[in-house]
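This report concerns selected aromatic contacts and strand pairings. The sequence and structure are shown below.

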Amino acid sequence: MDDLPSTRPHILFLFSDTGGGHRSATEAIIEALQLEYDERITTQMVDIFLYNAPRPLNYLPKWYPYMVRFPSVWGAGYKLSNGSHRARLIVTSAYPYVRRSLHKLLYQYPADLIVSVHPLANDPFLHALGKQHPPFITIVTDLVTTHALWYHKDVDLCLVPTEDARQRGLLSNLRPEQIKVVGLPVADRFCQPIGDKNTLRQQLGWPLEHPVVLLVGGGEGMGPLEKTAMAIADANLPISLVVVAGRNITLKQHLEAHLWPMPTLVYSFVHEMPDFMRAADILVTKAGPGTISEALNAGLPMLLYSRLPGQEDGNVDYVVSEGVGRWAPKTNDIIAALQEWIIHPEQREQAAHACRKAARPQAAREIAHILANRLGMQN
């Protein structure tokens, strides 16, 4: 929102579409600000790479989907760069190259508060801002295995989703008063009361007779989604299956052409995912932090079939240690876990209870209150 009246405090959000989590978390916080403060606070989202970084850095959002298709290479790079000294060396070396772009961006988007929702925004922007600058707050969008670049000693506040992420911040030399656990911000539609499953299923046109397994692979239908769906079909479990193929039209067509032994519904990209999660009994998904947090809010036990090495390793440990789901990287693991949860529904309910206990549906609104408080505003 450009050319806004100066009488209203203005927040600049620094993010990038290198992974969907940075944008979705930013949008969730802005939505919470609007819900809590109407139009009293103005906001601006800026992709730090796409339109503002010099070449070839401005291509990173376009390259990211291809980079993560080589998980072993991605994981190796993540681990090699993850350490306070190594991380700072990388960004310090790159600063002379990006300095002009940073100053141009900050001049173009003046703000009363700057919020970083990307690890690569912290060090360079704080360097460019110098000693006299508006309050600078970091929102960490990785659940557990957080990169060192998320933590910078000069931030006014660092808001993290889990206690594990807080401990990593302390190990990166943040002071205890600089870091606070708030949960991961997700859209308000994922934060509503769970409601009655049968009522939701009737509204969605889903079968009522068997437990519902929801199989998803993100907005792009990535990962071994088809292989997993076929394995579930071959097992002929007493379930109803709902598969969300996302924007992967070819995958959707393949799944629709299959002869399923159980009631099966196949969808492309959907906007009803909050209702899907609240209506389902089991979620089968990759270990993305946003999906995990959304499932916790829905009280939905989960089976994780893949993770991005490095930043999502800790997500698996978190899900298992909290008792909200299981790690099932092979189709045999998925089938065995589904069979156990179907035969022993009390185990599934125990995991659902653990989800509700671990959930933080107020995360986005709590962050909104913290940001507004920094601007001297009252709710």
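## Aromatic cluster

Trp206, Tyr267 and Phe276 form one aromatic cluster. The model is predicted: local features require pLDDT of at least 70, side-chain atom pairs count only at pLDDT 80 or more, and totals for chains, interfaces and linings use all residues. Residues are numbered from 1 along each chain as its sequence is written, and side-chain values use heavy atoms, with hydrogens and water left out.

Across the whole structure, two aromatic pairs are found (ring centres of Phe, Tyr and the six-membered ring of Trp within 6.5 Å; planes under 30 degrees apart are stacked, over 60 edge-to-face, the rest tilted). Tryptophan 206 and phenylalanine 276 form an edge-to-face pair, 5.0 Å centre to centre with 65° between the planes. This pair links distant parts of the chain, 70 residues apart: tryptophan 206 lies in the loop between α7 (197–204) and β7 (212–216), and phenylalanine 276 in helix α10 (residues 273–279). Helices (H or I, at least four residues) and strands (E, at least two) are DSSP runs, numbered from the N terminus. Both tryptophan 206 and phenylalanine 276 are buried (under 20% relative accessible area, 1.4 Å probe, protein chains only; exposed is over 50%, partly exposed in between).

## Strand β11 and its neighbours

Strand β11 (residues 302–306) is largely enclosed by the rest of the structure, because four of its five residues are buried. β11 pairs in the parallel sense with strand β10 (residues 282–286) over four bridges, where pairing requires at least two DSSP bridges. Leucine 304 in β11 is the bridge partner of threonine 285, and tryptophan 327 in β12 is the bridge partner of leucine 304.
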